[in-house]
Amino acid sequence: MSARQIIKPNNQIASSPFRPPGPQPSANPPTRIPQQHTSPHPGPASAEAAARRTNRPPPPWTTRPSVLSSPAVSSSAYLSSPFPTASPGGEEEEEDRVGRLPDAILRNIVSRLPTKDAARTAALSSRWRHHWASTPLVLDGDGGAGGLAPAPAAAALASHPGPVRSARLAASRDPGAVASVLASLAAGGVEDLLVVLNGSCPAQWRVPSDVLGCAALGRLWIGLCQFPDTSGVAPALLSLRELGIVRSSVPDRDLHAVIPRCPVLETLAFALTQDYPRYVHIWSESLRCVVIWKSMLREVHLDDAPSVDRLLVEPIADATTHIKIIKAPKLKILGYFDVGLHQLKIGNTVIKIDTKVKPSAMVRTLRTLALKVQFGVEDQVKLVPTLLKCFPCLETLYITSVPSEAPDNVDIEFWDQVGFTECVYSHLKKLVLDAVRGEDSELAFAKFVMERAQMLEDMRVLVDGSCSRDVLLSCLSSEGCVSADATVVVERFDVTAWSFQRAIDLLLVAE
């Protein structure tokens with residue numbers, strides 16, 4: 001086979017939706033298995049480029065709930081820069097050109113400053129005096145690590161006429177003070193609210209129900225405290241587009257009382273939740289993305305979700321989750337589905353090894369699927385082709401190979417007996433095999449795809465430290481791809497933790 005002339009960029013796999021963020025390649029460059037045909041296939045844009053295109057604000061929480069975004073400007077920078085200009089007498093004078101900018105631009109500058117610095121601009125000159133008061137208030141903790149404490153937040157609210165664009169509230173040992181500030185924020189029409197109490201308040205402390213009546217609120221994230229009580233309250237979150245629950249408890253009753261009253265809600269995210277919620281049943285016309293990161297949920301049902309196009313799940317060890325797809329006509333992305341932990345039901349059909357997949361149990365809109373499979377466990381291996389038959393128009397498949405504690409003697413000839421699988425034969429364009437250790441069952445699946453995927457363009461095999469890349473390369477080199485346009489790349493990547501923020505970034509990648 002001759003060498004391929006045009007190869008896709010190496011970093012495409014790092015920017016794919018289900019790859020961990022920021023993997024560090026080894027010193028050895030990736031090895032490509034040459035194919036016979038040459039045809040360029042430009043890879044997808046990175047998440048960063050997508051973010052610039054969509055101009056969507058970043059999520060307010062990362063894998064460390066107490067860490068907020070960096071300050072908008074450097075504390076050592078000058079707000080007004082003097083420029084020399086000639087005076088009538090021939091001498092040079094200093095001219096404040098920044099201060100002469102239009103009011104709209106000056107308000108924009110002030111809105112990007114930390115709270116304390118924004119307030120101080122009123123002392124610069126008469127030109128700046130009114131801009132802070134006429135700019136929507138941003139309570140951001142002055143770029144600190146934990147947001148703004150209740151006392152300075154209350155002072156800023158008292159001195160500013162509003163409205164409040166966003167607020168980041170930090171830890172406090174006085175729950176009453178936090179409640180008072182939240183009530184003021186709700187009255188001031190806060191649009192973006194993050195409450196992370198960092199364990200300083202009692203774990204059972206509950207966010208006041210006043211927040212649920214804030215019609216202007218567009219984004220709400222609650223961490224390390226309890227969700228507001230909805231009993232006796234009719235939530236009116238008419239503008240809420242993003243709701244995130246971080247290491248917090250949300251009783252099922254409260255969650256399902258809020259979702260139907262959020263008519264424009266697009267993103268619903270859970271991270272590190274333990275006891276509640278136990279059940280997430282989606283009945284929403286507007287919801288587009290559901291993210292569940294290491295949370296112990298028993299059920300996730302898409303009961304009536306006409307706009308949901310992605311369901312992102314990062315499983316937690318030994319936590320079985322039932323995923324049911326009833327009505328989700330736009331679902332495009334599903335993963336990670338852990339074949340050993342999750343159970344899938346489509347319509348009235350429970351997907352098992354021996355399930356005869358009928359059209360009523362197929363999701364033809366799905367384009368990207370991510371699986372976690374123990375290739376050393378026979379029952380998991382045999383469930384994979386049944387799952388693939390449920391998604392006949394699948395174009396991108398990510399599979400992470402999980403080590404088996406007690407490997408079975410998996411019959412590698414099983415894949416030769418698998419019947420026609422529409423997505424593999426007619427639609428699959430990209431396959432990523434992650435954490436490959438060179439087991440016979442892994443290689444048998446790779447061979448299954450290479451011999452049948454007529455439309456395959458890009459196949460990536462990422463080996464872990466226990467596997468020799470040269471040995472794996474030798475095994476795959478003996479197999480030819482039925483698709484002459486396929487690029488097969490074998491490379492080594494360090495294992496990094498899956499990132500919750502990376503899941504949120506799928507909002508950008510998918511668009």
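In which loop does L272 lie? I found L272 in the loop between β9 (267–271) and β10 (279–283). Strands here are DSSP runs of E, at least two residues, and helices are runs of H or I, at least four residues, numbered from the N terminus.

I noted that this is a predicted model, where local features need pLDDT of at least 70, side-chain atom pairs count only at pLDDT 80 or more, and totals for chains, interfaces and linings use all residues. Residues are numbered from 1 along each chain as its sequence is written, and side-chain values use heavy atoms, without hydrogens and water.

Backbone entry. L272 is not a glycine, yet its phi is positive, about 60 degrees. L272 counts as buried, at 15% relative accessibility. Buried means under 20% relative accessible area, exposed over 50%, partly exposed in between (1.4 Å probe, protein chains only).

I then looked up L224. Its phi is also positive, near 60 degrees. L224 sits in the loop between β7 (219–223) and β8 (242–246). L224 is partly exposed, at 24%.

Next, a peptide bond. The one from G335 to Y336 is cis, with omega near -10 degrees. Y336 belongs to strand β15 (residues 333–338). Most peptide bonds are trans.

Core entry. A nonpolar core is a set of buried Ala, Val, Leu, Ile, Met, Phe, Trp, Tyr and Cys residues joined through side-chain atoms within 4.5 Å. The largest has 109 residues, and F445 is one of those touching the most other members. Helix α10 (residues 440–452) gives the most to this core, seven residues. Another core lies apart from it, with nine residues, including L194 and V291.
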